[in-house]
Amino acid sequence: MSVLINVENLGKAFRTYPNATQRIRSWLGLPTRNVKDIWVLKNLNFQVHAGEAVGLVGENGAGKSTLLKMIAGTLAPTEGGIQLFGEVRAILELGMGFNGEFTGRENARHGLSMMGMSAEEADSLLPEVEAFAEVGDYFDRPLRTYSSGMQMRVTFAVATARRPQVLIVDEALAVGDAYFQHKSFEKIREMQRAGTTLLIVSHDRGAIQRICDRVILLEHGEISREGDPEVIMDYYNAMLANKGNQKHTVHSEELEDGRVATTSGTGEATIQSVTLHDANSGDPIEIATVGQEVELKVKLDINEHIDQLVVGYVIKDRLRQDVFGTNTHLLDQVLENPKPGQTQCYRFRFTCNLGEGSYSTSVAAHADDTHVRHNYHWKDLACTFEVVNANKKRFLGVAWIPPELIIEPNSGDTP
Amino acid sequence: MIQRALAIARYWWSYRFFVRSAIRNDLRARYARSKLGLLWALVQPLAMVLIYTLILSHLMSAKLPETDTVYAYPIYLMSGMLAWTLFSEAVGRGLGIFVEQGELIKKVAFPRALLPIIALGSATVNGLALLSMMLMVFLFLGHWPDLHYLWMPGLMFLALWLGLSIGLLFGLMNVFFRDISQAIPVILQFLFWLTPIVYALSMLPPEYHSYFSWNPIAKLTAAFQDVILYRRNPTELHLVYLSGIAFIFTALSAGLYLRVKHELADHL
């Protein structure tokens with residue numbers, strides 16, 4: 001695969017001068033004093049290959065947008081460099097400098113010219129832009145009369161009118177109504193299939209995991225992690241949970257089967273073990289049959305004084321989609337003031353109404369009804385198990401919902 | 001080296017429709033939602049000419065020697081105003097271009113060097129409109145143009161180039177020190193009255209004449225007055241001098257641009 005974007009030792013600093021004199025001295029090439037560089041990105045190295053889709057995640061201020069702008073060419077790097085081997089098109093923060101007084105059509109035409117198109121080329125693409133934007137009669141009305149969603153439609157339609165080799169999308173997927181979000185998402189997928197390389201910033205985990213082959217996590221202006229979307233997103237979510245807490249730590253460890261499990265938390269309570277058992281015999285199992293009565297056993301150590309303890313779990317399928325999840329807060333059994341030093345055992349009994357396949361559970365111990373605040377310990381891939389169909393009729397899907405079938409001749413009066 | 005220059009030239013050339021489209025948009029945007037549109041650009045200088053003519057023509061007409069028309073003063077005034085309007089508008093365009101186009105500069109990657117070309121283009125169209133309007137007034141006053149008008153395209157270009165090159169230099173500084181865009185109009189106002197536009201140099205005592213030799217704009221307005229009112233060639237040496245100043249400011253603007261371009265977008 002050929003390299004389309006080569007980022008080498010890239011850094012961006014915003015330079016501040018203590019006073020006007022120092023700045024003017026810098027213009028004249030004279031030595032300056034007390035010039036401070038505020039580094040927002042430092043020492044970035046990565047490559048994007050043809051046809052790849054790369055997601056960029058990170059907290060606000062991590063430098064995602066700055067990085068995209070430099071690749072798009074609107075901001076200049078302070079050190080290092082970016083080599084581009086193809087036409088790059090960027091949809092940055094809504095808008096392309098459109099003028100509210102002009103109609104959608106006029107703005108679209110001008111927007112196409114901004115990409116270096118000739119008048120003929122722009123005119124030949126306009127009907128497609130109009131059709132994709134779906135703003136109806138508004139296409140010939142001034143842009144200032146548009147809603148922000150409609151402006152976004154036109155902007156997106158213009159930016160994607162001609163398939164670029166590299167498309168940069170900054171949060172643009174989250175704007176507009178559900179219909180257009182879906183439509184623009186499809187358009188991006190379509191371009192991806194046609195060979196366009198994607199570079200996407202989004203806080204939408206689902207979108208990232210569906211589109212991207214690889215995710216880069218930016219932390220304080222540096223690449224902190226890079227790799228498989230699922231793994232990085234797990235890590236990133238864990239990092240977000242209980243942010244700002246000094247004790248909070250995040251670990252990733254590779255399991256025997258090559259999967260990466262993420263654990264995080266502040267450690268007031270720690271998950272000692274998570275195991276699956278047959279509910280009747282109590283024997284530990286790794287394979288459950290459809291419809292079997294099972295028990296998920298979670299053992300926790302209480303390490304420090306805490307006011308509340310909530311324990312929850314989520315069963316996830318092979319694609320890490322949530323199948324079912326609950327916690328002791330939802331079950332109205334919150335433990336108040338557990339004693340430090342104690343070990344608690346939670347046994348969640350349920351009928352294994354799952355379809356055939358491989359499942360995993362994520363388990364968390366926290367204080368409130370979600371893990372976002374006071375996350376004591378959170379463990380992904382805490383317990384994995386297989387479900388096989390031993391004694392039921394064949395069926396499809398992840399859930400076992402056996403129907404009762406009634407067939408009767410149609411008497412004509414039923415609606 | 002040559003190959004690289006050619007590649008850049010080809011890249012810019014591919015944006016010619018953008019330049020055309022941007023000039024058209026620029027002209028339309030300024031008078032969007034006004035019925036008379038471009039006419040308003042002409043009303044202001046003409047209104048000024050009318051006011052000064054009404055107030056000052058009796059005072060002045062006797063004092064303009066070497067002229068053969070009773071309308072010498074309004075014509076003198078209009079030639080100077082034409083030069084001044086072209087120059088000061090170009091200064092304004094250059095001054096505002098980076099801040100006004102900030103959104104575009106931040107969001108879209110395109111050759112930045114096209115921005116001055118777009119400004120020059122739209123100022124030229126405005127200038128031509130003003131010139132044709134004034135020509136109509138001259139014809140009405142019975143002051144027909146002669147062959148000396150062949151100087152006009154060159155003079156107009158010189159006025160625009162000089163204004164734009166000065167405007168661009170301060171426009172770049174203005175990105176970092178926004179006071180500049182407030183200060184320049186004030187300075188221009190002084191400069192207007194320090195330039196023989198409303199009055200003629202010959203009306204002043206000779207000992208003051210040397211003070212005007214430092215003012216390059218006085219040479220510019222004189223050239224317009226020579227061609228339009230006096231129907232004679234402008235002083236070539238002055239035109240060379242003005243071109244030299246425009247060239248120096250262009251070089252300074254380009255130099256400053258190269259120095260600040262890496263942080264320009266950060267400050268917009």
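Author: Welcome! A residue is called buried under 20% relative accessible area, exposed over 50%, and partly exposed in between (1.4 Å probe, protein chains only). The model is predicted, so local features need pLDDT of at least 70 and side-chain atom pairs count only at pLDDT 80 or more, while totals for chains, interfaces and linings use all residues. Residues are numbered from 1 along each chain as its sequence is written, chains are lettered from A and ligands numbered from 1 in the order in which they are written, and side-chain values use heavy atoms, with hydrogens and water left out.

Reader: Why is A:Lys12 called buried?

Author: A:Lys12 has a relative accessibility of 1%. The limit for buried is under 20%, so A:Lys12 counts as buried.

Reader: What makes A:Lys12 and B:Asp266 a salt bridge?

Author: The term asks for a side-chain nitrogen of Lys or Arg within 4 Å of a carboxyl oxygen of Asp or Glu. For A:Lys12 and B:Asp266 the N to O distance is 3.0 Å, so the pair qualifies. A:Lys12 lies in strand β1 of chain A and B:Asp266 in the segment after α10 (236–264) of chain B, so this pair joins two chains. Helices (H or I, at least four residues) and strands (E, at least two) are DSSP runs, numbered from the N terminus.

Reader: Why does the pair of B:Glu263 and A:Arg23 count as a salt bridge?

Author: The closest N and O atoms of B:Glu263 and A:Arg23 are 3.6 Å apart, so they too fall within 4 Å. Across the interface of chain A and chain B the rule finds 3 salt bridges.

Reader: How do you know that chain A and chain B are in contact?

Author: Contact means heavy atoms within 4.5 Å, and 37 residues of chain A are in contact with 32 residues of chain B. The two chains bury about 2,800 Å² between them, 59% of it on carbon and sulfur atoms. That buried area is the accessible area (1.4 Å probe) that two parts lose on being put together, summed over both.

Reader: What makes A:Glu295 and A:Arg347 a salt bridge?

Author: Their closest N and O atoms are 3.3 Å apart, so the pair meets the 4 Å limit. A:Glu295 lies in strand β14 (residues 293–302) and A:Arg347 in strand β18 (residues 343–351), both of chain A, so the pair ties together parts that are 52 residues apart in sequence.

Reader: Are these two partners buried or exposed, and why?

Author: A:Glu295 has a relative accessible area of 5%, so it is buried. A:Arg347 has 53%, which is over 50%, so A:Arg347 is exposed.
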